[in-house]
Amino acid sequence: MVLADYYPSQDGYCACGCGRKLTGRQTRWASRECNDRAYEEFAILKGGTSAVRKVLFERDLGFCHNCGVYDENWEADHIIPVSQGGGACGLDNYQTLCPDCHKEKTKNQRESQSKEYSLHAFSSDATVLL
């Protein structure tokens, strides 16, 4: 995927969706801000760590979404895990977690996935022939 796939040209209007008409030599973006915002959103969708952390810090200021404590070593967490379809999502699928809460969430997810796997592995409708 490339940026133009996410923000195709809009027949004389800004590709970011702001609704502004392109003027002069503008071919895709109505302003530098539209261009910068589109590149930032694209970097987040592609999972760019520095872009995600920059915008997530601007939004959450390093406070844990779970316990509410500020931690300078905060971690970016996918709310819906990548393994369950949470990759290539916008900022709405990210939250700030302190290292302890992140570790606990990951542990709980692993336990849940393990139980789910066990249930599927042993709940077959097949009849055992003796």
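**Close-up views of the predicted model**

Five salt bridges are counted in the chain, a salt bridge being a side-chain nitrogen of Lys or Arg within 4 Å of a carboxyl oxygen of Asp or Glu. The model is predicted, so local features need pLDDT of at least 70 and side-chain atom pairs count only at pLDDT 80 or more, while totals for chains, interfaces and linings use all residues. Residues are numbered from 1 along each chain as its sequence is written, and side-chain values use heavy atoms, with hydrogens and water left out.

View 1. From the N terminus the order of elements is α-α-α-β-β-α. Helices (H or I, at least four residues) and strands (E, at least two) are DSSP runs, numbered from the N terminus. Of the 130 residues, 26% count as buried; buried means under 20% relative accessible area, exposed over 50%, and partly exposed in between (1.4 Å probe, protein chains only). The accessible surface of the chain is about 9,300 Å², and carbon and sulfur atoms contribute 53% of it. These areas come from the Shrake-Rupley method with a 1.4 Å probe, and for residues only the protein chains shown count as cover. Among contacts (heavy atoms within 4.5 Å) between residues at least 6 apart in sequence, 43% join residues at least 24 apart.

**View 2. Helix H2 (residues 32-45) and the elements that its buried residues pack against.** H2 has 14 residues and reaches 20 Å from its first C-alpha to its last, close to the 20 Å expected at 1.5 Å a residue. The expected span is 1.5 Å times one less than the number of residues in the helix. Cys34, Asn35, Ala38, Phe42 and Ile44 are the buried residues in H2. Their packing partners are helix H1 (3-6), helix H3 (49-60) and strand E2 (94-97). Glycine 47 follows H2 and has a positive phi, near 85 degrees.

**View 3. Helix H3, with its buried and exposed residues.** The twelve residues of H3 reach 16 Å from first C-alpha to last, close to the 16 Å expected at 1.5 Å a residue. Ala51, Val52, Val55, Leu56 and Asp60 are buried. Seen down the axis of H3, these residues fall within an arc of 135 degrees, so they line one face of the helix; the arc is that of the directions from the helix axis to the C-beta atoms. The cover over the buried residues of H3 includes H2, E1 and E2. Ser50 and Glu58, on the other side of H3, are exposed. Just after H3, leucine 61 takes a positive phi of about 60 degrees.

View 4. Lysine 54 is partly exposed, at 43% relative accessibility. Arginine 59 is partly exposed, with a relative accessible area of 39%, whereas aspartate 60 is buried at 18%.

**View 5. The salt bridge between aspartate 77 and lysine 105.** The closest N and O atoms of aspartate 77 and lysine 105 are 2.5 Å apart. Aspartate 77 lies in strand E1 and lysine 105 in helix H4 (residues 99-122), so the pair ties together parts that are 28 residues apart in sequence. Aspartate 77 is buried at 5% relative accessibility, and lysine 105 is buried at 18%. Elsewhere, salt bridges that share partners join Glu40, Lys54 and Glu58 into one network.

**View 6. A nonpolar surface patch of Phe57, Leu61, Phe63 and Tyr70.** The four residues together have about 380 Å² of accessible area. Patches consist of residues with over 30% relative accessible area and no salt bridge; like charges are joined within 9 Å, and nonpolar side chains (Val, Leu, Ile, Met, Phe, Trp, Tyr) within 5 Å. Tyrosine 70 sits in the loop between H3 and strand E1 (75-78). Its relative accessibility of 43% makes tyrosine 70 partly exposed.

**View 7. Aspartate 92 in the loop between E1 and E2.** Aspartate 92 is exposed, at 64% relative accessibility. Its C-alpha atom is separated by 10.0 Å from that of isoleucine 80, twelve residues apart from aspartate 92 along the chain.
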